[in-house]
Amino acid sequence: MQQPGDRDLYRRLAPFYDMMSRGLLAPFGGDTRFRQRAVDAWDIRPGQRVLELGCGTGLMTKLLVERGATVTAVDRSAPMLARAKKREPAATYVEADLRGFRPTETYDRVVLSYVLHELTADARATTLELARDALAPGGLVGIVDFDDSARQPVRTLIGLYMRVAEPPSAREWAAHGFRDEVAAAGLVTVRSEPVGWGTGRVGLLARA
Ligand SMILES: C[S@@+](CC[C@H](N)C(=O)[O-])C[C@H]1O[C@@H](n2cnc3c(N)ncnc32)[C@H](O)[C@@H]1O
């Protein structure tokens with residue numbers, strides 16, 4: 001089942017993705033700092049086994065490996081994965097759609113960086129359940145994605161950006177994701193903090 005903002009979009013976007021990520025995160029202290037903050041909140045440590053869902057071009061994958069984690073990174077877009085492999089050869093990569101992906105191992109961390117907002121409500125629920133079920137005992141799910149906690153005028157600006165540049169699922173996730181959808185998937189919040197002036201949120205969640 002194809003969905004809006006699908007594989008073809010990333011096939012075309014892949015060569016520009018890093019530039020876009022850096023440009024969009026520049027007002028918030030820069031891409032690397034923003035991502036380091038997420039990795040800090042997820043408490044990534046040497047020796048941890050990490051499953052990264054929707055790794056894109058590997059911008060987060062590289063930071064996870066630099067923290068000493070053993071990373072398995074999944075994405076359905078071959079051009080995005082090719083860039084990730086080049087950026088961080090030390091991770092293991094799997095080309096798969098999250099809606100059908102069933103991990104055969106369990107992990108200390110399952111992380112999702114700006115992926116859930118691209119999925120339909122059904123796919124978000126399935127993916128959050130997949131993340132929960134892939135946790136080893138004591139494992140945690142780390143999420144960074146859009147949120148609706150920004151104050152004015154940033155709130156209006158991010159709202160406009162999401163209407164113009166993101167699928168409708170982005171606004172749904174921003175309104176309900178951290179608030180309701182993680183709980184509906186059987187996850188409880190261990191840590192939750194706004195990032196990027198409230199345009200995003202980084203969360204760390206445990207199995208309920
Ligand atoms: C906005 S990018 C985020 C990439 C990366 N996590 C980051 O932080 O830069 C979203 C990524 O999720 C992937 N993606 C979206 N829907 C997916 C699905 N159903 N299955 C697998 N990957 C998916 C896309 O191919 C893309 O690489």
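Modeller: One surface feature to begin with: F16, M19, M20 and L24 make a nonpolar patch of about 400 Å². The model is a predicted one.

Colleague: Why is M20 called partly exposed?

Modeller: M20, in helix α2 (residues 17-25), has a relative accessible area of 35%. Partly exposed lies between under 20% for buried and over 50% for exposed, so M20 with its 35% is partly exposed.

Colleague: What makes R35 and D31 a salt bridge?

Modeller: Their closest N and O atoms are 2.9 Å apart, and the cut-off is within 4 Å, so the pair of R35 and D31 counts as a salt bridge. Both residues lie in helix α3 (residues 31-41), four residues apart, about one turn of the helix.

Colleague: How do you know whether R35 and D31 are buried or exposed?

Modeller: R35 has a relative accessible area of 8% and D31 one of 6%. Buried means under 20%, so R35 is buried, and so is D31.

Colleague: What makes D108 and R49 a salt bridge?

Modeller: The closest N and O atoms of D108 and R49 are 3.4 Å apart, again judged against within 4 Å. The pair links distant parts of the chain, with D108 in strand β4 (residues 107-113) and R49 in strand β1 (residues 49-53), 59 residues apart.

Definitions and conventions
Residues numbered from 1 in each chain as written. Predicted model: local features only at pLDDT ≥ 70, side-chain atom pairs only at ≥ 80, totals over all residues. Heavy atoms only, no water. Patch = residues over 30% accessible without salt bridge, like charges linked within 9 Å, V, L, I, M, F, W, Y side chains within 5 Å. Areas by Shrake-Rupley, 256 points an atom, 1.4 Å probe, with all protein chains shown as cover. Salt bridge = Lys/Arg side-chain N within 4 Å of Asp/Glu carboxyl O. Helix = DSSP H or I, 4+ residues; strand = E, 2+ residues; numbered from the N terminus. Buried < 20%, exposed > 50% of the residue type's maximum accessible area, 1.4 Å probe, protein only.
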